[in-house]
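I opened my notebook to look up a few spots in this structure. Come along and follow each entry with the model in view.

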Amino acid sequence: MPSPRPAQDAGPQPGDLHGVLAPLVADAGFELDQLDVRAAGRRHTVKVVVDSDTGVGLDDIAAVSRAISAELDRQEHLIGGSYTLEVTSPGVDRPLTGPRHWRRAHLRQVAVRLHDGTSFTGRVGAAGEEAVTVLVDGRRREVRYADVAHAGVQVEFRPAPEHEVALLQEEGTA
């Protein structure tokens, strides 16, 4: 029976890479949202998800990808072999797990399931540090992040209805 590999030979660790890649992504004006490293033999796939409050375009992805690739080539010990780099922005199916995700979903329609089993669909209003306002059936509802079991943006093929946007914009004046 083969003995387990020592920890130092276990391959790249996302924590090691995060410390190297996060500043590069930040210098480009984005946030490192997710880092995933998978190994298949000696080959690795490094998936980097970047995001910002103003969105991420294809040119942005290309620039960040070049910067990350150059840094990984300079610090080849972090990967320990050949790799495939995937740089992307979060998809519409990303769960809303923290205040920044809710802020970025402002005025988007979301499906929400609370820990108590209650489910509803609504439109995202102001997102604070502990809770978000969601317009549900024409009424503003404050939802604490701690109460959310799962939430995700719903795909819409037309702009948000003006009356819903108006109700959410009134929240700052109410």
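**Entry on V155.** I am working with a predicted model. I began with V155 and found a relative accessible area of 51%, so V155 counts as exposed, the cut-off being over 50%. I then looked up where V155 sits: the loop between β8 (148–153) and α4 (162–169).

**Entry on the aromatic rings.** How many aromatic pairs does the structure hold? I found one. Its rings belong to W102 and Y145, with centres 6.1 Å apart and planes at 35°, so I wrote the pair down as tilted. I traced W102 to helix α3 (residues 99–104) and Y145 to the loop between β7 (139–144) and β8, so this pair ties together parts that are 43 residues apart in sequence. Both W102 and Y145 turned out to be buried.

**Entry on R94.** Is R94 buried or exposed? I read a relative accessibility of 17%, and because buried means under 20%, R94 counts as buried. I located R94 in the loop between β3 (83–88) and α3.

Next I checked which side chains R94 meets through polar contacts. I noted one of 3.3 Å with the side chain of D33, and another of 3.0 Å with the side chain of D51. Leaving out residues up to four places away in sequence, I listed D33, D51, H101, A151 and G152 as the residues that R94 touches.

Key
Residues are numbered from 1 along each chain as its sequence is written. This is a predicted model: local features need pLDDT of at least 70, side-chain atom pairs count only at pLDDT 80 or more; totals for chains, interfaces and linings use all residues. Side-chain values use heavy atoms; hydrogens and water are left out. Helices (H or I, at least four residues) and strands (E, at least two) are DSSP runs, numbered from the N terminus. Buried means under 20% relative accessible area, exposed over 50%, partly exposed in between (1.4 Å probe, protein chains only). Rings of Phe, Tyr and Trp (its six-membered ring) pair if their centres lie within 6.5 Å; planes under 30 degrees apart count as stacked, over 60 as edge-to-face and the rest as tilted. A polar contact is a pair of N or O atoms within 3.5 Å; within protein, one must be able to donate a hydrogen and the other to accept it, and residues adjacent in sequence count only if both atoms are side-chain atoms. Contact means heavy atoms within 4.5 Å.
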